Amino acid sequence: MSSPELPSVPPTDVLPKAASVRVAEGERLRSVGLPGVTLTIRSRPPAREGLEPALFVHGLGGSSQNWSAMMALLDGVVESEAVDLPGFGDSPPPDDGDYSITAHARAVIRYLDASGRGPVHLVANSLGGAVSTRVAAVRPDLVRTLTLVSPALPELRVQRSAVPTGLLGMPGVAALFSRFTRAWTAEQRVRGVVALCYGDPGRVSSDAFRHAVEEMERRLRLPYFWDAMTRSARGLVSAYTLGGQHGLWRQAERVLAPTLLVYGGRDQLVGFRMAQKAARSFRDSRLLTLPNAGHVAMMEYPETVAMAFRELLAETGSATGTAAPTGTIDTTGTMDTTGTTNTAETTEPDAGTGTDSGALSERAGGSAGAGS
C-alpha cells in the first residue's frame with residue numbers, strides 16, 4: 001500500500017522566519033541552569049494536585065516538541081515535563097562539548113536531582129531511550145517506571161536505512177553531507193526526515209508539517225546544529241561498542257523499574273526484531289508492538305502509546321486518573337499480564353483516529369543473562 005504524498009507547503013523562502021521555539025497551547029517553556037549545562041524544559045500545568053511527575057526525553061535530531069501530543073493526552077494522569085537535551089531544541093550546547101550517552105544521561109540526572117521531582121515516570125524515544133536506560137540503571141532511585149519507544153540499543157545487524165545516521169558520526173562525513181545538501185530547502189529536509197521516521201508519512205497533518213519546516217529553518221541557523229547532531233551520533237555509536245558493565249544491554253538487565261517497550265513494525269532506524277531481545281533483557285517488561293508504526297510511534301499513534309502508558313501506571317499502582325481497566329489497551333490487541341503473548345489481527349490503521357488496530361502486546365519477564 002503506497003503512502004499518500006505529504007501535504008504541500010509554500011516554498012520556505014516565503015514562510016515567516018521562526019525567531020523562537022514553538023509552544024503549543026497549554027504548554028510553557030523555562031530555562032534551567034545546571035553545572036555544565038543549561039536545559040530548556042517544556043511542561044504542561046498539572047490538571048490537579050498530587051499527580052506523579054513524568055519526564056519525556058527525545059531522540060537524535062528531535063526536541064521536547066516531539067512529546068507535545070502525548071503530553072496533552074496525559075493531562076490529569078501525570079505532571080508532564082519534556083527536556084531539550086543539550087544542543088537540541090532550545091537548549092544550548094554543553095559547556096564541555098560532550099555529547100556522549102553518558103553526558104546526556106548526566107544532564108538528565110542533574111536536572112532530576114536539582115528539581116527534586118524524582119522518582120519520575122521516565123519516557124523516551126530512540127537516542128533518548130539509550131540515555132534513559134543508562135539513567136534507570138545507574139540511578140534507580142530517580143525512576144518510577146520506564147517507557148521506551150524504539151530505544152536505540154545496540155544491534156549486531158543494523159538496517160541499511162539506519163547506516164547513514166551512524167555514518168554521520170564519522171569524522172568528516174557531516175561536513176561532506178552539509179556541503180552536499182547546502183542547496184536543500186528546509187521543506188526537502190523535513191520530507192526526508194518524515195519519510196525515514198514515520199511508518200505512514202501521510203499521517204502528518206498540514207499544520208504539523210508546516211511547524212516542522214519552520215523549526216528546521218530555525219535549527220539550520222544555529223551555529224552548533226551540525227556539531228550537536230554529529231557528536232551525539234558519534235556518542236551513540238561509541239556506546240554501541242562498549243562491553244562489560246557499561247554496555248547498554250547489560251545496563252538494561254540492571255533496570256529495576258517496571259518497563260513498557262514500544263516497537264514499530266515499519267521502523268527504519270531500530271530493527272523490529274530487537275523487540276523480543278529487549279523484552280527478555282528488561283527484567284520487568286511489557287511489550288507493545290505496532291505493526292504499522294515507524295520510529296516515532298508517540299507522534300504517529302499518540303493515543304495508542306498514551307493508552308499503553310496509562311495501563312502501565314494502572315497495573316503498577318503508580319497513579320490514578322483516566323487509565324484503562326487493568327489488562328486492556330484500546331486496540332484489538334490485549335495487554336497481557338500473565339506472561340503469555342496475545343496476537344491480534346493486523347489491519348490498516350484509521351488515519352483519522354491515531355489508533356492502530358493492528359497493535360500487538362505482551363508481558364515479558366526478562367532474564368538476567370540475556371545480554372548481547
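Q: Which residues of α10 are buried?
A: They are M274, A275, K277, A278, A279 and S281. Buried means under 20% relative accessible area, exposed over 50%, and partly exposed in between (1.4 Å probe, protein chains only).

Q: Where does α10 run, and why is it called largely enclosed?
A: Helix α10 covers residues 274–281. Six of its eight residues are buried, so the rest of the structure largely encloses it. Helices (H or I, at least four residues) and strands (E, at least two) are DSSP runs, numbered from the N terminus.

Q: What should I know about the model itself?
A: It is a predicted model: local features need pLDDT of at least 70, side-chain atom pairs count only at pLDDT 80 or more, and totals for chains, interfaces and linings use all residues. Residues are numbered from 1 along each chain as its sequence is written, and side-chain values use heavy atoms, with hydrogens and water left out.

Q: Back to K277. What does its charged end sit over?
A: The ring of W249, 4.7 Å from the ring's centre. The rule is that NZ of Lys or CZ of Arg lies within 6 Å of the ring centre and within 35 degrees of the ring normal.

Q: Which way do the residues of β3 point?
A: P53, L55 and V57 point one way, and A54 and F56 point the other way. In a regular strand, side chains alternate between the two faces of the sheet.

Q: Which sense does β3 pair in with β4?
A: Parallel, over five bridges, with β4 at residues 79–84. Two strands pair if DSSP finds at least two bridges between them. A54 has S80 as its bridge partner in β4.

Q: And how many bridges join β3 to β5?
A: Four, and these strands also run parallel. Strand β5 is residues 120–125. There, V123 stands opposite F56.

Q: What unit do β3, α1 and β4 make?
A: A right-handed β-α-β unit, with α1 at residues 68–73. Right-handed means that, with the strands pointing away from the viewer, the path from the first strand over the helix to the second runs clockwise.

Q: How many aromatic pairs does the structure hold?
A: Two. F56 and W67 form a tilted pair, 5.3 Å centre to centre with 45° between the planes. F56 is in β3, while W67 is in the loop between β3 and α1, 11 residues apart. Both are buried.

Q: What kind of pair do F225 and W226 form?
A: Edge-to-face, at 5.1 Å centre to centre and 80° between the planes. Rings of Phe, Tyr and Trp (its six-membered ring) pair if their centres lie within 6.5 Å; planes under 30 degrees apart count as stacked, over 60 as edge-to-face and the rest as tilted.

Q: Is F225 buried or exposed?
A: Buried, at 12% relative accessibility. W226 is partly exposed, at 23%.

Q: Now T147. Which strand is it in?
A: β6, residues 143–149. T147 counts as buried because its relative accessibility is 0%. Leaving aside neighbours within four places in sequence, its contacts are L122, V123, A124, L260, F309 and L312. Contact means heavy atoms within 4.5 Å.

Q: Last one: which peptide bond is cis?
A: The one from G118 to P119, with omega near 0°. P119 is in the loop between α2 (101–115) and β5.
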